[in-house]
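Please consult the sequence and the model while reading.

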Amino acid sequence: MAKFKKKAAVKQDIPTSSMPDVVFMLLFFFMVTTQLRETSINVKQQLPQATQLKKLARKSLVAYLYIGEPKKTDEWGKEPKIQVNDVFIEPKDVIQWVNQEKAKLNEFERDQMTVSMKVDSDAKRGIIADVETELRKANARLILYSSLARKAEN
Amino acid sequence: MPRPVPEIPNASMADIAFLLLTFFLVTTNVANDKGLSIQLPPPPEALPQDLEIKIQERNLFKIQINSFDNILVEGDPYSGTMTELTSRIKKFVMNYKSDPESSDTPKDAIVSFKTDRGTSHKKFVGVLDACQAAYNEIYSERAGVTVKRWLELSSDLGDPDNRKLYDIGRGRLPEGGVEIPMNISIAEPTKVGGK
């Protein structure tokens with residue numbers, strides 16, 4: 001039995017003096033990469049999956065539009081709704097919203113504005129098509145159907 | 001008389017840093033701005049009223065989805081995988097008159113994609129993904145890069161090297177236009193089912 005006691009002689013402490021440095025490094029990383037969300041999303045957002053994903057080159061030229069079933073179903077019902085900024089809108093208000101978003105950009109960049117459509121998987125094409133019709137009228141014709149990456153099928 | 005040197009206790013520094021770290025870990029959301037990009041057609045009012053375009057049946061590859069998410073490809077019910085659909089579209093686009101029932105040239109070939117108002121967005125994105133995959137595979141083979149690289153470079157055309165590969169892949173013609181345009185037509189949904 002005495003044989004087993006010997007290994008206690010090995011020093012087992014983890015050096016903790018460098019821990020604050022490590023933690024600070026992580027802290028700075030997250031501080032730099034974090035971006036506080038300006039709007040809280042009030043619709044369900046289970047994005048569909050796709051493989052042919054493209055990145056948006058310039059964040060400043062992107063306007064976000066969310067479609068999905070409202071999270072507070074007792075207040076807003078179960079039908080998918082359109083959310084921009086912090087409010088629900090109807091398809092007919094889309095033109096007005098596009099013009100507001102375009103006004104924020106420089107004049108020469110306005111036709112490059114992309115609308116990122118964050119649509120829930122379970123939403124139906126009907127409401128999306130209504131929005132698209134309005135976007136065509138508003139001349140905001142670059143669209144991105146926001147999706148998550150999926151591994152290619154085998 | 002020597003003054004006592006003021007000292008800040010630094011034992012709690014790690015705790016403070018951990019607290020801040022936890023805060024940023026929780027609030028951070030890695031920007032997810034990826035997706036399928038398309039360009040919508042101009043509004044119907046902007047087009048000439050008497051515009052009539054005649055397209056040969058063989059130059060059209062028709063995909064329809066109903067409100068139950070059932071797919072119809074070229075008029076027949078389809079139950080295969082999306083990968084198979086991608087290779088069928090590829091074959092259709094790159095036909096070059098070898099099959100008289102299929103497209104004449106890639107330029108004439110059109111993938112027509114029609115949904116119903118009741119079709120789910122999930123299915124729509126899945127099929128649109130398969131259509132774009134077909135074109136992106138053709139482009140990347142021509143440019144001699146992987147599909148992944150192709151998607152990266154087509155997202156960043158400011159770089160002259162990317163631009164060059166992009167033009168090779170799509171076959172840019174000197175008189176303007178491209179040899180293999182991505183002709184995916186998304187028709188307005190029907191109102192048979194759903195709301």
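This is a predicted model: local features need pLDDT of at least 70, side-chain atom pairs count only at pLDDT 80 or more; totals for chains, interfaces and linings use all residues.

Residues are numbered from 1 along each chain as its sequence is written, chains are lettered from A and ligands numbered from 1 in the order in which they are written, and side-chain values use heavy atoms, with hydrogens and water left out.

| Property of chain B | Value |
|---|---|
| Radius of gyration | 26 Å |
| Box of C-alpha atoms along the principal axes | roughly 105 × 45 × 40 Å |

For comparison, a compact globule of 195 residues would have a radius of gyration near 16 Å; the radius is taken over C-alpha atoms, and the globule rule is 2.2 Å times the number of residues to the power 0.38. Of the 195 residues in chain B, 38% are buried, that is, under 20% relative accessible area (1.4 Å probe, protein chains only).

Chain B contains 5 helices and 6 strands, taken as DSSP runs of at least four residues (H or I) and at least two residues (E) respectively, numbered from the N terminus. An open sheet of mixed pairing is formed by 5 strands of chain B in the order β4-β3-β2-β5-β6; strands pair if DSSP finds at least two bridges between them. Because β4 (76-78) and β6 (184-186) of chain B each have a single partner strand, they stand at the edges, and one side of each is left without a neighbour in the sheet. From one strand to the next, the twist averages 25 degrees. Strand β3 (residues 71-73) of chain B pairs with β4(B) in the antiparallel sense over 3 bridges, and B:Val73 stands opposite B:Asp76 in β4(B).

A:Gln52 lies in the loop between β1 (49-50) and β2 (54-55) of chain A. A:Gln52 counts as buried because its relative accessibility is 6%. Residues of chain B that A:Gln52 touches include B:Gly35, B:Asp129 and B:Leu151, a contact being heavy atoms within 4.5 Å. The side chains of A:Gln52 and B:Asn136 are joined by a polar contact of 2.9 Å, meaning a pair of N or O atoms within 3.5 Å; within protein, one must be able to donate a hydrogen and the other to accept it, and residues adjacent in sequence count only if both atoms are side-chain atoms.

Notes. Buried means under 20% relative accessible area, exposed over 50%, partly exposed in between (1.4 Å probe, protein chains only). Axes are lines fitted to C-alpha atoms, for helices over the stretch in contact, and angles run from 0 to 180 degrees between N-to-C directions. Lists of a residue's contacts leave out its neighbours within four places in sequence.
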